[in-house]
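Please open the model in a viewer and keep the selection panel at hand.

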Amino acid sequence: MTVALKKGVIMPERIYIFDTTLRDGEQSPGYTMNTQEKIRVAKQLEALGVDIIEAGFPIASEGDFEAVRQIASTIKNSEVAGLARANNEDIDRAWEAIKVAAKPRIHTFISTSDIHLKYQFRKTRDEILKIAVAAVKRAKSYTDNVEFSAMDATRSDWDYLCKVFAEVIDAGAVIINVPDTVGYAVPEEFGRLIKYITEHVPNISQAIISVHCHNDLGLAVANSIAAIQNGARQIECTINGIGERAGNAALEEIAMILKTRKDIFDATTNIITEKIYPTSRLITSITGVPVQPNKAIVGANAFAHESGIHQDGLLKSKLTYEIMTPESVGIPKSSLILGKHSGRHAFKDRIESLGYSLTEKELNSAFKRFKALADVKKNVYDEDIEMIIMDELYKVPEKYKLIYLHVSCGNFTVPTATVKLEIDGNIHQDVDVGDGPVDATYKVIKRLVKTNSKLLKFSVNSITKDMDAQGEVFVKLEEKGKIAIGKGADTDIIVASAKAYINALNRLEYIKHTKE
Ligand code: KIV
Ligand code: ZN
């Protein structure tokens with residue numbers, strides 16, 4: 001028995017990780033992904049050891065449906081869940097999308113709080129109960145693997161909640177999920193609610209208790225942990241904690257809490273923690289949304305010890321200030337930095353140690369770009385290599401190519417840009433002025449390409465820390481509801497900005513001509 005156990009509660013040994021990065025995470029602003037990117041993330045989640053991948057909300061759009069269907073046909077080891085509101089149309093559509101999966105799961109939900117019932121659903125508790133039971137029965141007609149979520153559970157009447165859970169379990173639900181939809185709960189109270197459910201749902205032994213916590217008060221992870229201590233066995237979470245509003249419980253934090261504090265939690269997950277950092281980086285590179293530097297486990301400063309006292313202690317023994325090692329979450333030891341004398345073999349080795357595998361063709365092309373970068377940059381770091389890999393993995397046909405860019409700018413000059421592009425094999429050139437060199441460059445590109453797209457987002461980050469570091473630019477464009485994210489990296493940030501814009505325009509073209 002461990003110290004965290006309350007008398008009478010049986011501590012679960014195995015915690016199932018339900019990842020909703022591709023559903024709750026992807027539906028939040030700024031995190032849109034296309035099907036190809038979602039499949040790549042799903043494969044990474046499978047490699048990470050996630051038990052259940054919530055692949056999306058199939059009824060939401062044709063694109064969502066297609067992405068869920070393709071993920072379902074690709075993933076073999078993890079369960080693949082499709083989300084559905086508690087009605088026949090949603091459930092039928094979800095099943096249509098996931099039925100090809102090796103292990104499909106239908107996840108259906110409806111609210112149970114009086115606030116939602118009164119203002120959103122305009123239904124009585126009895127009516128909602130009937131809808132929930134009917135939805136679970138419908139889902140059960142397709143698969144035994146049915147999860148039911150009581151949305152806004154934490155603001156619901158506890159006895160009503162238990163009644164709903166008891167009836168949906170009778171109807172066939174094998175996982176009952178307790179979402180803290182608005183991030184309102186605090187750990188002690190949430191733990192008590194889970195315990196209450198274990199004691200007041202008579203048939204609870206026939207189902208797994210799951211929790212799904214939002215981070216509005218910064219308590220999503222703490223609440224999930226309190227739930228584990230009180231009998232929950234499935235945790236719904238996302239990579240980097242992305243999700244609606246302030247996000248969801250962060251997968252990496254849950255996994256590392258359980259691993260680091262084994263002395264308290266007699267519970268394990270299937271997560272291969274060494275794959276946490278590459279997975280986090282994958283999400284960042286695809287979405288263009290950086291992780292805050294002080295983010296636990298995966299932030300840039302998570303293992304950086306700055307103070308003299310800490311550094312002194314660490315030099316004497318790692319035990320003084322390090323509760324887990326960077327390697328245990330997959331942060332590579334950058335002891336070997338590549339440069340222009342590094343050969344193809346060293347480059348291939350480094351790519352493999354970063355957790356990627358490229359085809360021969362991709363490797364050749366990536367190596368060429370590495371050599372070009374090493375010519376202008378003394379040290380090529382892992383982050384630079386990852387940027388090259390990402391470009392290789394997400395290549396789209398290049399309708400537009402940057403041939404030449406010249407800018408003049410300074411504090412007493414009107415910023416001017418001359419741009420030469422290859423468009424469908426023909427060369428076009430133009431010049432313009434702007435508020436700054438990027439503005440001038442973008443004006444010329446926009447005119448040459450004749451695009452009606454709107455620039456929704458532009459961000460510049462430094463990939464590494466040296467003076468000759470590459471600038472990494474993310475651009476997000478929108479045209480008639482289609483969204484494309486473009487990336488560009490270069491030691492010159494104006495060139496990186498031009499590359500990112502052109503990359504986004506090529507992606508937009510690609511998206512316009514595919515089903516997405
Ligand atoms: O936050 C929430 O309640 C949800 C449900 C659909 C599980 O995302
Ligand atoms: Zn949610």
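In what order do the strands of the open sheet stand, and is their pairing parallel or antiparallel? In this predicted model, the sheet has 3 strands in the order β12-β13-β14, and the pairing is antiparallel.

Select residues 454-462 for β12 and 482-490 for β14. These two strands form the edges of the sheet; each has a single partner strand, so one side of each is left without a neighbour in the sheet. With the sheet in view, follow the twist, which averages 15° from one strand to the next.

Within the pair, display L455 and look across to β13, where L477 stands opposite.

Now select residues 276-287, helix α11. The helix packs on the sheet and touches β13 and β14. Viewed against β14, the direction of α11 makes an angle of about 110° with that of the strand.

Leave the sheet and turn to the cysteines. How many disulfides does the structure hold? The count is 0. Select C162 together with C213, which holds the closest cysteine sulfur to that of C162. The two sulfurs are 16 Å apart, whereas a disulfide requires them to be within 2.5 Å, so the distance is too far for a bond.

Is C162 buried or exposed? C162 is buried, with a relative accessible area of 3%. Finally, select C409, which counts as partly exposed at 43% relative accessibility.

Technical notes: Residues are numbered from 1 along each chain as its sequence is written. Chains are lettered from A and ligands numbered from 1 in the order in which they are written. This is a predicted model: local features need pLDDT of at least 70, side-chain atom pairs count only at pLDDT 80 or more; totals for chains, interfaces and linings use all residues. Side-chain values use heavy atoms; hydrogens and water are left out. Buried means under 20% relative accessible area, exposed over 50%, partly exposed in between (1.4 Å probe, protein chains only). Two strands pair if DSSP finds at least two bridges between them. Helices (H or I, at least four residues) and strands (E, at least two) are DSSP runs, numbered from the N terminus. Axes are lines fitted to C-alpha atoms, for helices over the stretch in contact, and angles run from 0 to 180 degrees between N-to-C directions. Contact means heavy atoms within 4.5 Å.
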